[in-house]
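Student: I would like a close look at one part of this model: a pair of packed helices, and what surrounds them. Please go through the residues in contact and then the wider setting.

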Amino acid sequence: MTKEAGIIGYGAYIPIYRIKAQEIARMWGNNNGHVPIMEKAVAGIDEDLVTIAVEAAKYAIRRAKIDPREIGAVYVGTESKPYAVKPSGTIVAEAIGATPLVVTADFEFACKAGTEAFHACMDHVLAGRMKYAMAIGADTAQGRPGDQLEYTAASGGAAFIFTKKSDKTLAYCEGAVSFVTDTPDFWRRAHEHYPMHAERFTGKPAYFHHIVSSVKTLMETTGLRPSDFKYAVFHQPNAKFPVKVAKMLGFTLDQIKPGLLSPEIGNCYAGSSLVGFAATLDVANPDDRILLASYGSGAGSDAFSFVVQDTILEKRNPIPSVRSLISERKYIDYSMYVKFRGKIRA
Amino acid sequence: MSVPRHWREIPKRYRLIGSKCSNCGRTYFPPRNVCRECGTTKLEEVKLSETGRIITWSVVHEPPRGFERYVPYVIAIVELDDGTRLMSQITDCEPEELQIGTRVHAVFRKIREEGESGIIYYGYKFKPIK
């Protein structure tokens, strides 16, 4: 019996609307030209976490070519639940046709809620409890108007369907680590619209410490080195952090390039590293090894090593690539942005 | 719309479930109990195509209650690739981008919300295929 879980389908979704970081800078009088990214993806006025998750999940099912009724679990990792009480997972499972014999839950762990669901899904299928399990990471992230986070907090997500490794899976997982501590770098209390963060504390003791620790542990347990990987994807809160953490761990710019999307779409929180992973799978070839390392405030990092299989070549078309989703875009100004994101309150 | 009515209509609103006459093969959306063509009551549920083209459209500037945030928005008659015609909002586009015959595909979107505390009604809309 195989001891490895594989991915049989994946899909990403990025809304078409973009706001340029310079437009946000203009609004708040930040005239020195220093902005953390170029532009970010903004959910349309009729979009939210659930609609983004459904679109990504539908692409994943089409790519997997499976009957959605065979999906035994639908987990939605997010911090943008449209309802405080009522699972997003039920709406997603209903919309994709996975109900009623399905386990659903919303996973909460800031930006690593999606990869948190990876662990559960892989264990479900390896235990033989179900044939397929779906993990989704998606967000419509909110930044307080005028806060640094407003430049990067973006919308988007990706869905992955796990099953036991076989010749039908397009990649399999050969190692997984979760590294977690209580680190209060970012939080949102109940009934608050916007999160708070501990300024520069979000870097060294939070993002860098957790990702470096999870990846080093993965390397130790698998015996792999950075040069064994064709690609690496790190959580992308801005354009700078993933490049810096890659260097600290001994990865090159070429290894992270296909999955480094934050300069163009921003930080879609639980969707951030997963959309980057989907974009990397879009260009990967059989036998390529991919490192995926998420980071979630609060804090923790999940690190995975995936090996791409031959089936990837059959699973590219006609599902739109992440690159093509990024290239379909419409620019909006700040006033349209505040209307879309519900920041105008009567 | 009431919560129970929304709940009853979830399969068709979420997944485009229509009905198909087992006698003459005609498909309907929303689903019907009696075939308009041949009068038979032998209709079964069918998953409709998620792609199609615009037959005609109109721009709504004076919306019914609950749709104020979305104006101006486009309502169109879409002919699906399986021949079924239905009414739908067209999203992610400006009215001037549309033409009769524009290819569209189904997307899952918020249709409207009962204020800040009420239920969120989700369902299908269509958007142009680029």
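Tutor: Start with the residues. From helix H5 of chain A, Tyr207(A), Phe208(A), Ile211(A), Val212(A) and Val215(A) meet Phe241(A), Val245(A), Met248(A) and Leu249(A) of H6(A). By class, this contact of H5(A) with H6(A) has nine nonpolar residues, with no polar and no charged ones. The model is predicted, so every value here is computed from it.

Next, the geometry. Two packed helices are described by the angle between their axes and the distance between the axes. H5(A) spans residues 203-222 and H6(A) spans residues 240-249; their axes come within 10 Å and cross at roughly 45°. An angle from 35 to 65 degrees falls between the roughly parallel and roughly perpendicular ranges, and H5(A) and H6(A) are therefore oblique to each other. The crossing of H5(A) past H6(A) is right-handed.

H5(A) also packs on a sheet, where it touches strands E8 (171-183), E11, E12 (289-293) and E13 (298-308) of chain A. The direction of H5(A) makes about 140° with that of E8(A). The sheet is open and has nine strands, in the order E5-E4-E6-E7-E1-E8-E13-E12-E11 of chain A, with mixed pairing. At the edges stand E5 (103-107) and E11 (231-234) of chain A, each with a single partner strand, so one side of each has no neighbour in the sheet. On average, and with direction ignored, neighbouring strands are turned by 20° against each other.

Some of the pairings can be followed strand by strand. Strands of a sheet pair through backbone hydrogen bonds, either parallel or antiparallel. E8(A), one of the strands touched by H5(A), runs antiparallel to E13(A) and is joined to that strand by ten bridges. In this pairing Thr183(A) stands opposite Gly298(A) of E13(A). E8(A) is also joined to E1(A), again antiparallel, by two bridges, and here Gly6(A) stands opposite Tyr172(A) of E8(A). Elsewhere in the sheet, E4(A), residues 71-77, runs parallel to E6(A), with six bridges between them. Ile71(A) has Tyr132(A) in E6(A) as its bridge partner. Another helix, H3(A) (residues 88-96), lies across E4, E5 and E6 of chain A, and runs at about 135° to E4(A).

Last, the domains. The domain assignment of chain A gives domain 1 as 5-169 + 314-340 and domain 2 as 174-313. Taken over C-alpha atoms, the centres of the two domains are 16 Å apart. Their contact takes 48 residues from domain 1 and 44 residues from domain 2 of chain A. On the domain 1 side, the elements of chain A that give two or more residues are strands E1 (5-13), E3 (39-42), E6 (132-140) and E7 (155-164), together with helices H4 (113-126) and H10 (322-327). H4(A) gives the most to this side, with seven residues. The residues of the domain 1 side divide into 21 nonpolar, 14 polar and 13 charged.

Definitions and conventions
Residues are numbered from 1 along each chain as its sequence is written. Chains are lettered from A and ligands numbered from 1 in the order in which they are written. This is a predicted model: local features need pLDDT of at least 70, side-chain atom pairs count only at pLDDT 80 or more; totals for chains, interfaces and linings use all residues. Axes are lines fitted to C-alpha atoms, for helices over the stretch in contact, and angles run from 0 to 180 degrees between N-to-C directions. Helices (H or I, at least four residues) and strands (E, at least two) are DSSP runs, numbered from the N terminus. Angles under 35 degrees count as roughly parallel, over 145 as roughly antiparallel, 65 to 115 as roughly perpendicular and the rest as oblique. A crossing is left-handed if the near helix is turned anticlockwise from the far one by less than a right angle, and right-handed if clockwise. Two residues are in contact if their C-beta atoms, placed from the backbone, lie within 7 Å. Ala, Val, Leu, Ile, Met, Phe, Trp, Tyr, Cys and Pro count as nonpolar, Asp, Glu, Lys and Arg as charged, and the others, Gly among them, as polar. Domain bounds come from an automatic or database domain assignment. Two strands pair if DSSP finds at least two bridges between them.
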